[in-house]
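Reader: Hello! I would like to learn how to read a structure like this one. Please go through it with me step by step.

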Amino acid sequence: MTERTNEQWLADLRAEGERRSSALEALRARLERGMFYFLRNDRSDLLDRSSDDLQHMAQDFVQDALLKVLENLDTFRGESQFTTWAAKITTRLAISELRRIRYRDYSLEGITVDGEIQPAVTPLAISPAESLSPERHVERDSVVALVQNALENVLTERQRTALVALAIEGMPVEEIAHRMGTNRNALYKLVHDARMKLKTHLQNEGIALDYVLGLFSE
Amino acid sequence: MSTERDCSRIGRIVRAVAGTEEDTITCDDCYDHIDQYVELLEAGESPEGVLLQVQRHLEQCECCEYEMQALVRMIQSMQESDDAPPTSGQG
């Protein structure tokens with residue numbers, strides 16, 4: 001099979017009749033195979049799905065993605081292979097939809113530093129307290145108190161809610177953004193500013209972050 | 001005295017904060033260049049210019065990083081399967 005160049009993909013997809021449908025089916029087939037392998041091999045949350053289920057999911061995602069690809073042909077700048085660009089559109093669309101399904105029952109209402117959103121996620125496994133020396137245990141308690149205080153008093157409420165949802169609860173940026181009535185870019189910046197603010201605050205308090213990290217990972 | 005649960009939660013915050021550096025681009029900027037970036041990675045080359053900014057963003061944004069990894073896996077699968085028969089009837 002001769003591989004189309006970027007220019008040929010664009011020309012064929014902009015053509016009419018058999019030329020266009022042939023290019024469209026070639027692109028569809030390739031994206032469906034890539035998406036199927038991704039869903040089958042890289043999504044632990046889909047392990048219980050049959051191959052037929054995954055194939056149907058892949059077909060649905062690719063069908064939606066193809067519409068976006070065709071709508072946005074004029075925005076393709078030729079900085080990558082056309083099929084990589086089309087795959088980018090497909091992965092973004094599929095992952096966004098998978099995130100939406102996975103987090104549809106989560107709420108940010110009432111989220112606090114001490115609380116947790118429902119349903120609860122499994123806490124990160126960390127070193128049990130007994131593995132720390134008494135001195136390190138005291139140090140860790142002191143850092144926990146300092147960070148809790150900083151979360152409450154240094155950050156704005158929106159920064160705190162977003163950072164806790166992202167860093168503690170592990171929610172994706174776009175899902176938090178959706179719930180907070182903003183977009184992914186703005187939410188990422190909100191959280192990044194919060195992280196920088198906390199980092200500066202802790203450093204100003206004389207906290208050596210490299211050292212402190214060891215208190216939480218021994 | 002802190003509970004283990006407090007420590008677990010605050011530990012996550014500390015890790016997120018410790019790894020934070022200046023980031024000059026947004027998630028949309030990253031998405032805009034991610035196809036070019038993964039092809040560079042696949043070619044074993046080092047990013048420069050805006051692609052270096054993409055790399056820095058990926059180091060701090062788990063969502064974009066996950067999408068980048070997914071794209072890498074997807075295009076690898078597409079390349080590997082180019083000579084294979086389709087997995088289902090197309091159309």
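Reader: Is Tyr31(B) buried, partly exposed or exposed?
Author: A residue is buried if 20 or more other C-beta atoms, placed from the backbone, lie within 10 Å of its own, exposed if 12 or fewer do, and partly exposed in between. Tyr31(B) has 19 other C-beta atoms within 10 Å, so it is partly exposed.

Reader: What pLDDT do local features need in this model?
Author: pLDDT is the predictor's confidence in each residue, from 0 to 100. Residues are numbered from 1 along each chain as its sequence is written, while chains are lettered from A and ligands numbered from 1 in the order in which they are written. This is a predicted model: totals for chains, interfaces and linings use all residues, side-chain atom pairs count only at pLDDT 80 or more, and local features need pLDDT of at least 70.

Reader: Back to Tyr31(B): how far is its C-alpha atom from that of Cys64(B)?
Author: Tyr31(B) sits in helix H2 of chain B; helices (H or I, at least four residues) and strands (E, at least two) are DSSP runs, numbered from the N terminus. Along the chain, Tyr31(B) and Cys64(B) are 33 residues apart, yet the gap between their C-alpha atoms is 7.6 Å.

Reader: How many helices does chain B have?
Author: Of the 91 residues in chain B, 36% are buried. Read from the N terminus, its elements run α-α-α-α. There are zero strands, and the number of helices is four.

Reader: Which element of chain B gives the largest share of the side that touches chain A?
Author: Two residues are in contact if their C-beta atoms, placed from the backbone, lie within 7 Å. The contact takes 51 residues from chain A and 44 from chain B. On the chain B side, H1, H2 and H4 give two or more residues each. The largest share, 15 residues, comes from H1(B).

Reader: Now for chain A. How many helices does it have?
Author: Chain A has 218 residues, of which 35% are buried. It has zero strands, and its helices number nine.

Reader: How far apart are the centres of domain 1 and domain 2 of chain A?
Author: Domain bounds come from an automatic or database domain assignment. For chain A, this gives domain 1 (6–102) and domain 2 (129–215). Taken over C-alpha atoms, their centres are separated by 37 Å.

Reader: Over which residues of chain A is the pLDDT below 50?
Author: The mean pLDDT of chain A is 88, with 89% of its residues at 70 or more. One stretch falls below 50, and beyond near neighbours in sequence it has 24 contacts in the model: residues 116–128. Where pLDDT is low, the predicted coordinates should not be read in detail. The stretch to treat this way is 116–128.

Reader: Which residues of chain A is Leu71(B) in contact with?
Author: Here we leave aside neighbours within four places in sequence. In its own chain, Leu71(B) is in contact with Ile34(B) and Val38(B); in chain A, with Ala87(A), Lys88(A) and Thr91(A).

Reader: How far apart are the end C-alpha atoms of helix H8 of chain A?
Author: The expected span of a helix is 1.5 Å times one less than its number of residues. H8 (residues 184–204) has 21 residues and should span 30 Å, which agrees with the distance between its end C-alpha atoms, 30 Å.

Reader: Within what arc do the buried residues of H8(A) fall?
Author: The buried residues of H8(A) include Leu187(A), Val191(A), Ala194(A) and Leu198(A). The arc is that of the directions from the helix axis to the C-beta atoms. Seen down the axis of H8(A), the buried residues line one face, because they fall within an arc of 160 degrees.

Reader: Which exposed residues are on the face of H8(A) turned away from its buried side?
Author: The buried residues pack against H5, H6, H7 and H9 of chain A, together with H1 and H2 of chain B. The face turned away from them carries the exposed residues Gln203(A) and Asn204(A).
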